[in-house]
Amino acid sequence: MVDWLTAAVLLFFSLLVLFKAGEKSIQNAIALARLVGMSEFVVGFLLVSVSTSLPELAIAISSALDGSSAISLGNVFGANLSDVLLVVGASAVFGGLVLNKNDFKDLVLILLGSSLISLVLVLYTPGRLTGVLLLLSFLAYVYYLLTKKKQGLLVAVKTPFDFRKFFLTLFSFAFFILLVLASSKIAVDNAVLLSGFFGVSELVLGATLISLGTTLPELSVSVLAARQGRFRLALGNAVGSSIVNLSLVFGTTLALNPVAGEGLTSLLRLIVFSVIANIFLLYLILIRKKIDKKAGFALIFSYVAFLLLFIAGS
């Protein structure tokens with residue numbers, strides 16, 4: 001009984017640390033963006049979304065080296081569902097996400113790219129070459145973000161550059177991101193421990209609770225950013241993480257250890273759910289042209305429905 005109580009207490013306090021560390025990482029990310037003249041969306045993608053995707057990357061490398069790439073696949077698509085439905089939804093509910101017409105193109109490109117990769121994985125058994133191509137696509141998108149100078153999500157606000165302030169801010173950002181990652185790992189570990197009490201299978205756990213746990217950093221950062229009115233940072237982190245997961249994380253997995261066809265087939269439903277989630281978010285962006293609180297609740301409800309359907313089907 002003491003073990004379960006200890007796990008519950010550790011889970012609670014790790015979530016508190018995660019929330020506060022996420023708040024500090026936002027402040028430093030914004031400061032870095034202004035110092036180097038980089039947009040908050042680019043910072044959200046390059047610094048925040050890549051950093052907060054490190055738990056997924058760690059799981060990917062570990063599972064690939066152990067010859068269990070299917071675990072990483074489940075985590076990638078489960079985390080993408082969390083990013084698109086839960087993270088964006090919670091950001092809309094707690095802070096609201098204001099978009100303008102210049103924002104649409106970048107968001108649509110990201111979501112379409114994510115959906116295209118997902119569909120290719122359904123139709124084609126990926127190998128090491130696919131992994132290398134995914135890693136190259138990640139580098140290409142980073143280059144695109146860094147070189148684009150137009151309005152919209154990529155608009156930049158620059159302040160006078162100060163070397164001392166830059167390195168202090170960068171160090172502070174790295175420290176709080178590490179704190180985010182450490183607290184999220186503690187949260188995941190103890191959530192897994194508690195779930196064992198209910199007899200949840202490892203397959204369901206990997207695609208639901210573990211992927212949800214590895215998305216906690218994105219959830220914390222994006223919700224706090226939205227509450228502070230940093231909509232571009234919130235969207236850059238949430239939606240950008242889906243591309244990071246599919247290109248950097250999954251690409252690394254395939255490059256190390258290709259996924260077996262039967263392992264991919266067993267997670268077909270998860271991939272289909274991921275594509276449907278992207279289409280739903282595209283509908284909100286292109287047709288409704290806003291992601292308000294009502295839409296946020298709809299996204300969260302969709303995520304809960306996914307969890308129930310996936311667990312029931314397993």
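How many residues does helix 12 have, and how far does helix 12 reach from its first C-alpha to its last? Helix 12 covers residues 268-288, which is 21 residues, and its end-to-end reach is 29 Å. That is close to the 30 Å expected at 1.5 Å a residue, where the expected span is 1.5 Å times one less than the number of residues.

## Ground rules

What you are looking at is a predicted model, where local features need pLDDT of at least 70, side-chain atom pairs count only at pLDDT 80 or more, and totals for chains, interfaces and linings use all residues. Residues are numbered from 1 along each chain as its sequence is written, and side-chain values use heavy atoms, with hydrogens and water left out.

## The whole chain

Here's the overall layout: the chain has 13 helices and zero strands. Both are DSSP runs numbered from the N terminus, with at least four residues (H or I) for a helix and at least two (E) for a strand.

Of the 314 residues, 53% count as buried; buried means under 20% relative accessible area, exposed means over 50%, and partly exposed is in between (1.4 Å probe, protein chains only). Among contacts (heavy atoms within 4.5 Å) with a separation of 6 or more, 89% are between residues 24 or more positions apart. The chain exposes about 14100 Å², and carbon and sulfur atoms supply 73% of that. Accessible areas come from the Shrake-Rupley method with a 1.4 Å probe, and for residues only the protein chains shown count as cover.

## Back to helix 12

The buried residues of helix 12 are L270, I271, S274, V275, A277, N278, L281, L282, L284 and I285.

N278 sits in helix 12 and counts as buried because its relative accessibility is 1%. The side chain of N278 makes a polar contact of 3.2 Å with the side chain of S114. A polar contact is a pair of N or O atoms within 3.5 Å; within protein, one must be able to donate a hydrogen and the other to accept it, and residues adjacent in sequence count only if both atoms are side-chain atoms. Setting aside neighbours within four places in sequence, N278 is in contact with V84, L111, S114 and S115.

I285, another helix 12 residue, is also buried, because its relative accessibility is 1%. I285 and K105 are 180 residues apart in sequence, yet their C-alphas are 9.7 Å apart.

S51 belongs to helix 2 (residues 40-52) and is buried, with a relative accessible area of 14%. Skipping residues up to four places away in sequence, S51 touches F173, I177 and L181. One of these, I177, is 126 residues from S51 in sequence and 6.8 Å away, C-alpha to C-alpha.

T130 is in helix 6 (residues 128-147), and T130 is buried as well, at 14% relative accessible area. Leaving out neighbours within four places, T130 contacts Y124 and L254.

F12 lies in helix 1 (residues 2-36) and counts as partly exposed because its relative accessibility is 47%.
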